[in-house]
Amino acid sequence: PFYRRALASTRSKLDTGAVNSDMLARARATLGIEESVAADLHVQTFADEVKSLLGTVDGEGFEVEIDSADVKFPAGSMDRLAQLQEVLGLTEEDASYEISSEANRHFEGVALEAMEGAISGDMTPEDAWEAIATRRDDLCLKEESMKSLLTSIVMQALGKPLEETLTYAKVNNEQQVYEKLLDALEAKLACFAVLQLSGWEDF
């Protein structure tokens, strides 16, 4: 409990520099806390800060009801998290994982809606990409994470026309199969038009 309080104090006093990695190391030595246990506590502390910055938990750490589309990092969040990462001695891999694992789920809904809007024609590719890029900036997602997420989202968006094609194929309705294949092709082209605006060579 004492070390957990020390970690909570690390978060609350981060801007003051009152707690640093050396102080935490001395606390662990005094309390006899194993490094493996401390490592898990440090990761949890970092994850708690990520959720707090996103506004998905209250001051006590309990989840709050909030529209996923409204979740975003306030200005300066990445600098604060980088500072906390250094104090806690977390690797870049661990820190990035905690940020992306929490942020990703708040990105997917908006991105999927934008991609489906482009497929249906309710949104232009430019408007769809703007919505996706804005959400990326809101959640401070890195490029590699974005690519992985968008690949999954495209597969979801294309899933419906492809499933409908298979449904008609099972009952040998060739006309509907042909029409649904055209729909799937148009959906693919719409997704491609959106992804082209990313400027990434992969797409």
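## How covered is a residue?

Buried means under 20% relative accessible area, exposed means over 50%, and partly exposed is anything in between, using a 1.4 Å probe and protein chains only. With a relative accessible area of 42%, T91 is therefore partly exposed.

Before going on, note that this is a predicted model, where local features need pLDDT of at least 70 and side-chain atom pairs count only at pLDDT 80 or more, while totals for chains, interfaces and linings use all residues. Residues are numbered from 1 along each chain as its sequence is written, and side-chain values use heavy atoms, with hydrogens and water left out.

## T91 and its loop

T91 sits in the loop between α4 (77-88) and α5 (92-120). Helices here are DSSP runs (H or I, at least four residues), numbered from the N terminus. Along the sequence, T91 and V43 are 48 residues apart, yet their C-alpha atoms are 9.8 Å apart in space.

Setting aside residues up to four places away in sequence, R80 touches R11, L14, D15, E49 and L53; contact means heavy atoms within 4.5 Å.

Over in helix α3 (residues 35-54) there's H42. H42 has a relative accessible area of 6%, so this one is buried too. Leaving out neighbours within four places in sequence, H42 is in contact with Y3, L7, R28, L88 and L90. As for E163, it lies 121 residues from H42 in sequence and 45 Å from it in space, C-alpha to C-alpha.

## Helices α7 and α8

Two packed helices are described by the angle between their axes and the distance between the axes. For helix α7 (residues 143-170) and α8, the axes come within 8 Å and cross at roughly 170°. The axes are lines fitted to C-alpha atoms over the stretch in contact, with angles running from 0 to 180 degrees between N-to-C directions. So α7 and α8 are roughly antiparallel to each other, a label for angles over 145 degrees.

Who meets whom? On the α7 side, the residues include L150, V154, L158 and Y168, and on the α8 side they include V177, L181, A184 and L195.

## A nonpolar patch

L182 belongs to helix α8 (residues 174-196). At 36% relative accessibility, L182 counts as partly exposed. Together with Y178, L185 and L189, L182 makes a nonpolar surface patch of about 400 Å². Such patches are made of residues with over 30% relative accessible area and no salt bridge, with nonpolar side chains (Val, Leu, Ile, Met, Phe, Trp, Tyr) joined within 5 Å. A salt bridge is a side-chain nitrogen of Lys or Arg within 4 Å of a carboxyl oxygen of Asp or Glu, and accessible areas come from the Shrake-Rupley method with a 1.4 Å probe.

Key. Patches are made of residues with over 30% relative accessible area and no salt bridge: like charges are joined within 9 Å, nonpolar side chains (Val, Leu, Ile, Met, Phe, Trp, Tyr) within 5 Å. Helices (H or I, at least four residues) and strands (E, at least two) are DSSP runs, numbered from the N terminus. Angles under 35 degrees count as roughly parallel, over 145 as roughly antiparallel, 65 to 115 as roughly perpendicular and the rest as oblique.
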